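Open your viewer and keep the sequence panel beside it.

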Amino acid sequence: SEDVLSKDAGECAICLEELQQGDTIARLPCLCIYHKGQVFLRMDIKFQKVAFMGCIDEWFEVNRSCPEHPSD
């Protein structure tokens, strides 16, 4: 399900960027959370933002299971 993160939650296991308060996330049935929808990464010393499709959206294009719990 899609949700907005209410507090910082560590690192996204797919992109390795921090899951930060206010990020749109997908919460899987196993309760793992990942970026969903449009995500912005800080890319260089000037902190330019680059948008890309949400981590879990790209993951689910080729996989149908949780990246951390593939047997669930």
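Start by selecting residues 24-27, strand β2, together with residues 33-35, strand β3: the two run antiparallel and share three bridges. Strands here are DSSP runs of E with at least two residues, helices are runs of H or I with at least four, and both are numbered from the N terminus. Two strands count as paired once DSSP finds at least two bridges between them.

Now show Arg-27, and look across to Ile-33 in β3, which stands opposite.

A word on the model: it is predicted, local features need pLDDT of at least 70, side-chain atom pairs count only at pLDDT 80 or more, and totals for chains, interfaces and linings use all residues. Residues are numbered from 1 along each chain as its sequence is written, and side-chain values use heavy atoms, leaving out hydrogens and water.

Next, select Arg-64 and Phe-60. What sits over the ring of Phe-60? The charged end of Arg-64 does, 4.8 Å from the ring centre; the criterion is NZ of Lys or CZ of Arg within 6 Å of the centre and within 35 degrees of the ring normal.

Finally, zoom out and colour by secondary structure. Colour by burial next: of the 72 residues, 25% are buried, meaning under 20% relative accessible area with a 1.4 Å probe, protein chains only.

Technical notes:
Buried means under 20% relative accessible area, exposed over 50%, partly exposed in between (1.4 Å probe, protein chains only).
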